Amino acid sequence: MEPILEFRDLYKMFGNKRAVNGINIKIYPGKIVGLLGPNGSGKTTIFKMIAGLLKVTGGQILVDGLFTGVESKSIVSYLPDNDFLDPQLSIMECVNMYATFFDDFDLNRAMEMIENLRLDINSRLRSLSKGNKEKVNLILTMSRRAKLYLLDEPIGGVDPAARSYIVNTIINNYDPAATVIISTHLISEIENILDEVVFLNQGQVMLYNSAENLRMENRKSVDQIFREVFVCY
């Protein structure tokens, strides 16, 4: 099986600062992967490079065997960690925009999630709470039939009561052959769905292993292991 995502000696510089520092890993299809690390560890920078929004300084990224570019963008669905939609748009206008822009957008899937989350399709984004805006962003991202989903803090601003449903939305609305990479600080909320975890610090991979192996070897949760590894950060 070929990897869905491969980093070959990946570097990213911002001025004199090395934000990503020589990463070499392969991630295979059909996995839910946690990209975990303290603030400033390089998670968002890595997502933006995979999505083609930032240029690589050195090394290479391959997505399904393709170097990052127009072709790779068509199979990556990216949820940023900040608002990226025009607040004047209604939820329905956002859905229609995505359906027009992305050939792989599943309108029926989007409408079902909107109904399940009890969102009013006529509501404008400017009138929504932060949590409901994040729900809309997640719906749009997960309604694509992508091969690789990048979710940057998908539940960070969502109330605890909605987190469980959103986690279920993630695992129930993607092709099992696809891969989902999730960056979050709320590890305990998602660790039960993770197949693999990557621990990052200062742009370097400190650990890459299956979640089950980590739990068995350490007799601790992934969240507990993470807190111990990064106790000094």
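Predicted model: local features only at pLDDT ≥ 70, side-chain atom pairs only at ≥ 80, totals over all residues.
**A note on helix packing**

1. How much of helix 5 is covered? Helix 5 is mostly covered, with 10 of its 13 residues buried. Among the buried ones are Gly131, Glu134, Lys135, Val136 and Asn137, and the run from Leu138 through Ile139, Leu140 and Thr141 to Met142 is buried too.

2. The length of helix 5 checks out. Its 13 residues, at 1.5 Å a residue, should span 18 Å, and the end C-alpha atoms are 18 Å apart, so the two agree.

3. Now look at helix 5 (residues 130–142) beside helix 6 (residues 160–172): they pack at an angle of about 10 degrees, and their axes are 11 Å apart. Because angles under 35 degrees count as roughly parallel, helix 5 is roughly parallel to helix 6. On the helix 5 side, Lys135, Leu138 and Met142 meet Ala162, Ile166 and Ile170 of helix 6. By class, this contact has five nonpolar residues, one charged and no polar.

4. Helix 3 (residues 91–101) and helix 4 (residues 107–116) pack at about 160 degrees, with axes 10 Å apart. That angle makes helix 3 roughly antiparallel to helix 4, and the crossing is right-handed.

5. Which residues make the contact between helix 3 and helix 4? Helix 3 brings Ile91, Met92 and Val95, while helix 4 brings Leu107, Ala110, Met111 and Ile114. By class, this contact of helix 3 with helix 4 has seven nonpolar residues, with no polar and no charged ones.

Methods. Residues numbered from 1 in each chain as written. Heavy atoms only, no water. Axes fitted to C-alpha atoms, helices over the stretch in contact; angles between N-to-C directions. Helix = DSSP H or I, 4+ residues; strand = E, 2+ residues; numbered from the N terminus. Parallel < 35°, antiparallel > 145°, perpendicular 65-115°, else oblique. Left-handed = near helix turned anticlockwise from the far one by under 90°. Contact = heavy atoms within 4.5 Å. Nonpolar A, V, L, I, M, F, W, Y, C, P; charged D, E, K, R; others polar. Expected span 1.5 Å × (residues − 1). Buried < 20%, exposed > 50% of the residue type's maximum accessible area, 1.4 Å probe, protein only.
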